[in-house]
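Dear colleague,

I am passing on the structure below, and after it I set out what was found. Please read the notes with the model open beside them.

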Amino acid sequence: MLEEQGIATTAIVMVREHAEKVKPPRALFVPFYFGFALGKPDDPAYQHRVIQAAFDLLQAAEGPALADFPEDDAAAGATMPQASQVTAEPAQAARSAADEVTALRAFYERWVEGHSGRTAVGLSGIPQRRFRGLVRFLEACAQGDAEADLTERPAGVSRPQFIRYCADDLKAFYYEARMEQQRDATEEALHRWFWGSTAGGKLITDVAATLNATEDPNLRALAYGLAR
Amino acid sequence: MPRLETLSEVQRRTLEFFPCLENDAAPWTAPSHSLAQSRVALVTTAGLHRRDDQPFARDAAGGEASYRVIPSDCDPADVVQSHFSIGFDHTGIYRDLNVTFPMDRLGELQERGVIGSVSTNYYSFMGALRDASRVIEETGPEVARRLREEGVDVALLTPT
C-alpha cells in the first residue's frame with residue numbers, strides 16, 4: 001500500500017516463515033523474541049545496528065528482499081512463563097494486593113522519575129495514587145460481581161475493555177516498581193515474581209478465571225489476554 | 001522471533017497455522033532520494049498511541065483495524081501501548097519504548113545527518129490481526145495517502 005503511494009518501505013520482521021508468505025518488499029528478519037523487535041532495551045548502539053541493517057535493504061536492486069540480521073545474541077524474553085507455568089509460593093494467597101500497591105508506590109515513583117516520566121501505566125485513566133480503588137474493583141470482578149464498576153470508566157469504553165485496561169495498568173505498575181527494586185532482575189525472574197509471589201498477580205489470574213468460567217466468548221477472549 | 005525450532009510445540013503450531021496473507025509478489029518503489037535526503041516515518045503494529053488518545057480495543061471478531069497518529073515531536077513519555085496480546089514479553093517496552101518504537105533513535109539519526117528528516121507524524125496499528133482485510137482495504141491506504149501528503153520517502157515498519 002505504501003509502496004503504491006511512492007513510499008519505499010523496510011520492515012523489521014520476527015517470523016521469517018510469515019515474511020516468506022507475505023513478501024513485503026524489504027524485510028529484515030531478526031531472531032529476537034516477541035516484544036524485543038530491536039533486540040535490546042536500553043542499548044542504543046545495538047538498536048542502531050538493527051535500524052541500519054533495515055535501512056541497508058533500501059539499496060537492494062529488486063525485491064522482495066529478505067535479509068537476516070547477523071547478530072543473534074539478544075536472548076531477552078526467551079523464557080517468558082505464563083501465569084499457569086509458575087508455581088505459586090504458599091504465602092501468596094494470604095497477601096493483600098491493596099497493601100502491595102501501597103508498599104510498591106515509592107519504587108514505582110522512583111522508576112518513573114528515573115525514566116523521564118516514561119511509564120506503561122495509563123490505559124485506565126486512573127492515577128496510580130488511586131490504585132487501591134482499582135484493586136478493589138478487580139477484586140469485585142474476580143468474585144463475579146457483574147455490577148462492579150468505577151466512575152472513572154470513560155463513556156466510550158465497555159466494562160470488559162475497562163477491566164483489561166485496569167489489569168494492564170496494575171501489571172505495568174508492579175513490573176516497573178520491581179525493576180526499580182531489583183535493577184538486575186531478568187525478565188524470567190520478573191514474571192515468576194509477579195505470577196507466583198504477588199497478590200496482584202493472583203488477582204489478575206482470579207479475574208481471568210472468573211471471566212473464563214462464563215459462557216460469553218468475548219469475556220473468554222478477554223480472559224485469554226489477562227492471564228493464562 | 002524466535003526461530004520456530006526454539007519454541008514450544010503450541011507456540012510453533014500457532015505461528016505455523018496463523019492465517020497470514022500470502023502474496024505472489026511485492027509491490028516495489030525504488031527510493032527516490034538517498035537516505036540522507038529522505039524524510040523517514042515510523043509505522044508500527046505494536047498497538048501504541050498517545051496517552052490521551054483512545055486505547056485499542058478488541059472487537060467482537062477479535063480484530064481492530066483502526067490506527068492512531070503519533071506526532072514525531074511528541075514526548076515519548078506520552079506514548080503507551082494497549083496491544084491486547086500477552087503472547088509477547090511486555091517487559092521490553094516497559095524498560096525502553098525504543099525496543100519496539102525507536103523514536104529516540106530516529107531523532108538521533110536525523111541529528112547525525114544519516115536520514116534527511118523525520119516525518120511530521122508516525123502511525124500505529126494493532127498487530128496480531130487474524131483478519132487484516134479492513135486494514136488492507138481502508139485504513140492502510142488511508143495512512144499511505146497521509147504519509148505521501150506529508151512528503152514521506154521511506155517508512156520503517158516495526159512489530160512488537
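Thr139(B) is found in helix H4 of chain B, which spans residues 133–149, where helices are DSSP runs of H or I with at least four residues and strands are runs of E with at least two, both numbered from the N terminus. With a relative accessibility of 4%, Thr139(B) counts as buried, a word that here means under 20% relative accessible area, while exposed means over 50% and partly exposed lies in between (1.4 Å probe, protein chains only). Apart from its neighbours within four places in sequence, Thr139(B) is in contact (heavy atoms within 4.5 Å) with Ala65(B), Ser66(B), Tyr67(B), Phe125(B) and Arg134(B).

Before going further, please note that this is a predicted model, in which local features need pLDDT of at least 70 and side-chain atom pairs count only at pLDDT 80 or more, whereas totals for chains, interfaces and linings use all residues. Residues are numbered from 1 along each chain as its sequence is written, chains are lettered from A and ligands numbered from 1 in the order in which they are written, and side-chain values use heavy atoms, with hydrogens and water left out.

Turning to chain A, there are eight helices and three strands, which follow the pattern β-α-β-α-β-α-α-α-α-α-α along the sequence. Chain A is divided into domain 1 (3–68) and domain 2 (83–224), with bounds that come from an automatic or database domain assignment, and the C-alpha centres of these two domains lie 33 Å apart. Of the 228 residues of chain A, 54% count as buried.

Leaving out residues up to four places away in sequence, Leu170(A) touches several residues, among them Val101(A), Phe131(A), Leu134(A) and Ile204(A).
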